[in-house]
Amino acid sequence: METIQLRHTNDMHSHFGPWPKIKRFLLKETPKNGTVFRFDIGDAIDRLHPLTDATLGKANIEIMNEAKYTAATIGNNEGLVMPHEELDHLYDKADFDVILANMKVKDDGSQPKWAKPYKVYESDAGTKIAVIGMTAPYQETYQLLGWLPEDPEDVLDKYLAEMRHKADLVVLLSHLGLPTDRELAEKYNIDFILGAHTHHVLPEGELKNGTWLAAAGRYGEYVGEVTIELDDQHKVQSVVAKAHKTDDLPAELLDDEAISMINQAGIDKESTEMVTTYEPAISKEEQGPDCLKALQDFYNLPVAICSTGLFLTDLPAGPKSKYTFLKDMPHTIQPMLLTLSGKDLKAWMAEYQDKKDKLLTQRIKGSGFRGDIFGKLLMTGLKYDESNQLTYMNEVVQDDKDYQIATLDHYRWLDFFTMLDEAPAKISLDVFLREMMADYYQKLEEEAIAPIA
């Protein structure tokens, strides 16, 4: 008999507070006659944290190396928030394998050089475990970044028989979400699915159609463990899956100091990097109108839309650091050039008018937004005339004419405005809202000090 343990984390999102406890759990004693494999199921990084933002995730990889992970797959925070070139080098110093089967390089359809589609590992007693990884296939956005995501079922159809031939057990590292995990368990002969993406917790796992599902929530609130007992012929005799609550794990004297050092390292790095020498203080209320001007400038377009809930703090007088802007706009929101028919543009404005009182204080979570409320929609170049007709640069909007608006992808990913879901849009994936704003203020500073010809 032998024991195999799969210890796993997911959706840490750069929440380093629980890390000392989690690292000790991952590295705890190996069971007698046992082998331990350690996996992360994606979204380990999050540019909400200054250390992640300052190092573009590379510091996270160094920290993960401490826990001796066997392998990891990526989540959308690695895949969508990192520029293509940066993702290509995120794992340069990783001491673990990156397993990712459903994302290829768009230009030539090749496997990313930093990832394997699957890998077969072997326990100390000779049990072979084939591990495959997949991430949520956001078709539109990944292709804009130069990646080609593939459907999970197409990938399993391609690799599963081959994996089953090579191994005694098949494990899927799934950053696909619980509904998809359950669907795959119904259709495919997979032994274990370690899940992520939807931040779900399966306290004692879930057995579905012969497949064990396990998941450990989000932010390091849990750490997962699947204990498998096998006979000498490598056949499974028993399985125990458990999500351990991190708060219940023992603390040690220097834990707080270790966490503080990680957090302070990020603050120190970003606080010393000045992104604008623009001197005036800027209140939260002033940043909304400034955002409209920044969008107009960014796209060289007279019509722009943003919302007040994006701005969380006042910006102080004097030169302003990268950390100052991160605290104020911690979102992964990006500029977007939107094209709408006049009919859809009028529908958007009418829908907003119906919802504006509710949106003023409505709390929002997810889709790259890291604030509290939606707030008020601000716009320039759009208004209603005396006859209550919508105008674009003082001309009445025509139903069958197309109009361009400089705005933010925030409004496309939220469910508030349905006509934006399929509208033609160009998202500027190489810049965040906070970076666009810092560049705008720096441009104002440079214009103010430029000599008069």
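Arg7 counts as buried, because its relative accessibility is 0%, where buried means under 20% relative accessible area, exposed means over 50% and partly exposed lies in between, with a 1.4 Å probe and protein chains only. The structure is a predicted model, in which local features need pLDDT of at least 70 and side-chain atom pairs count only at pLDDT 80 or more, while totals for chains, interfaces and linings use all residues. Residues are numbered from 1 along each chain as its sequence is written, and side-chain values use heavy atoms, with hydrogens and water left out.

Arg7 is part of strand S1, residues 2-9; strands (E, at least two residues) and helices (H or I, at least four) are DSSP runs numbered from the N terminus. The Arg7 side chain makes polar contacts with two backbone oxygens, that of Leu26 at 3.0 Å and that of Lys28 at 3.1 Å. A polar contact here is a pair of N or O atoms within 3.5 Å; within protein, one must be able to donate a hydrogen and the other to accept it, and residues adjacent in sequence count only if both atoms are side-chain atoms.

We can turn next to the cysteines. A disulfide is a covalent bond between the sulfur atoms of two cysteines, and the cut-off applied is a pair of cysteine sulfur atoms within 2.5 Å. The structure holds 0 disulfides. Cys291 is in no disulfide, and its nearest cysteine sulfur belongs to Cys306, 3.7 Å away. That distance of 3.7 Å between the sulfurs of Cys306 and Cys291 is too far for a bond. Cys291 counts as buried because its relative accessibility is 0%, and Cys306 counts as buried because its value is also 0%.

Open spaces come next. On a 1 Å grid over the protein atoms alone, a pocket is an open set of points with protein on both sides within 12 Å along at least five of seven lines, a cavity is a set where a 1.4 Å probe fits but cannot get out, and lining residues have an atom within 4 Å of a point. The largest pocket holds about 1000 Å³ of space. It is lined by 34 residues, of which Gly366, Ser367, Gly368, Phe369 and Arg370 are the closest to its centre. Helix H4 (76-79) and helix H6 (139-144) each supply at least two lining residues, and H6 gives the largest share, 3 residues. The lining of the largest pocket divides into 10 nonpolar, 15 polar and 9 charged residues.

The second largest pocket holds about 250 Å³. Helix H10 (residues 284-299) gives the most to its lining, with 4 residues. Among the residues that line this second pocket are Lys284, Glu285, Gly288 and Pro289, as well as Asp372, Ile373 and Leu378.

The structure holds 2 cavities of 30 Å³ or more. The largest cavity has about 100 Å³ of space, and its lining includes Met12, His15, Phe16, Trp19 and Tyr69. Helix H3 (residues 58-65) provides the largest share of that lining, 3 residues. The second largest cavity has about 40 Å³ of space, with Ile45, Ile61, Glu78, Tyr91 and Phe96 among its lining residues. Asp40, Ala44 and Met64 line the largest cavity and also line the second largest cavity.

Note on methods. Points joined across faces, edges and corners; volume = space filled by probe spheres on them. Nonpolar A, V, L, I, M, F, W, Y, C, P; charged D, E, K, R; others polar.
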